[in-house]
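Subject: Structure handover

Hello,

Here is the structure for your files.

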Amino acid sequence: MSLPRLMYDERLVAPIREDLTRVGFTELRTPAEVDAALPNAKGTTLCVVNSVCGCSARMARPAVRHALERAKAKPDHLTTVFAGQDAEAT
C-alpha cells in the first residue's frame with residue numbers, strides 16, 4: 001500500500017514546520033533521512049512527530065519549545081517528522 005505523498009498544501013505546512021526548525025530541530029522528510037539519523041546518532045535524540053492537527057499546535061509544539069528553553073540537560077539531537085505530510089518518514 002502506498003501512502004499519499006502530500007496531504008496538505010505546503011504553503012499551509014511551511015509555518016508549522018518552522019515552528020520547530022527555528023528552535024533547532026532537523027526535519028527528517030524521507031525514510032532514508034530517518035534511517036541515517038536515528039540509528040547512528042551518538043547520545044540522546046528527541047524526535048517530535050509534528051502535524052497540522054490541533055493537538056500538535058495547541059500542546060506538542062509549544063510544550064517541547066517550553067521544555068527545551070528551561071531544560072538543564074538537553075538532548076544531543078533534535079529531530080522532527082511531519083505526520084500526514086512526510087508519511088513515509090513518519
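The notes below cover the sheet, the salt bridges and the surface.

This is a predicted model, in which local features need pLDDT of at least 70 and side-chain atom pairs count only at pLDDT 80 or more, while totals for chains, interfaces and linings use all residues. Residues are numbered from 1 along each chain as its sequence is written, and side-chain values use heavy atoms, with hydrogens and water left out.

Sheet

Helices (H or I, at least four residues) and strands (E, at least two) are DSSP runs, numbered from the N terminus. Strands are paired if DSSP finds at least two bridges between them. On that basis there is an open sheet of three strands in the order E1-E3-E2, with parallel pairing. Strand E1 (26-27) and strand E2 (45-50) are the edge strands, each pairing on one side only.

Two bridges join E1 to strand E3 (residues 77-82) in the parallel sense. Thr26 has Thr79 as its bridge partner in E3, and Glu27 has Thr80. On the other pairing, E2 and E3 run parallel and are joined by six bridges; one of the residue pairs is Thr45 with His77 in E3.

Five of the six residues of E3 are buried, so E3 is largely enclosed by the rest of the structure.

Helix H3 (residues 54-70) packs on the sheet and touches E2 and E3, contact being heavy atoms within 4.5 Å. The direction of H3 makes about 160° with that of E2. Axes are lines fitted to C-alpha atoms, for helices over the stretch in contact, and angles run from 0 to 180 degrees between N-to-C directions.

Salt bridges

A salt bridge is a side-chain nitrogen of Lys or Arg within 4 Å of a carboxyl oxygen of Asp or Glu. The count by this rule is 10.

- Arg17 and Glu10 meet through their side chains at 2.9 Å, N to O. Arg17 is buried, at 4% relative accessible area, whereas Glu10 is partly exposed at 29%.
- Arg65 and Asp19 form a salt bridge at 3.0 Å, N to O. Arg65 lies in helix H3 and Asp19 in helix H1, so this pair ties together parts that are 46 residues apart in sequence. Arg65 is partly exposed at 21%, and Asp19 is buried at 13%.
- Arg70 pairs with Glu69, with the closest N and O atoms 2.8 Å apart. Both Arg70 and Glu69 are exposed.

A network of salt bridges links Glu10, Arg17, Glu27, Arg29 and Asp86.

Surface

Met7, Tyr8 and Leu12 make up a nonpolar surface patch with about 280 Å² of accessible area together. Patches are made of residues with over 30% relative accessible area and no salt bridge; like charges are joined within 9 Å, and nonpolar side chains (Val, Leu, Ile, Met, Phe, Trp, Tyr) within 5 Å. Accessible areas come from the Shrake-Rupley method with a 1.4 Å probe, and for residues only the protein chains shown count as cover. Met7 is in the segment before helix H1 (10-21) and is exposed, at 52% relative accessible area.

Pro39 sits in the loop between helix H2 (31-37) and E2 and is exposed at 61%. Pro39 and Arg58 are 19 residues apart in sequence and 30 Å apart in space, C-alpha to C-alpha.

Regards

Definitions and conventions:
Buried means under 20% relative accessible area, exposed over 50%, partly exposed in between (1.4 Å probe, protein chains only).
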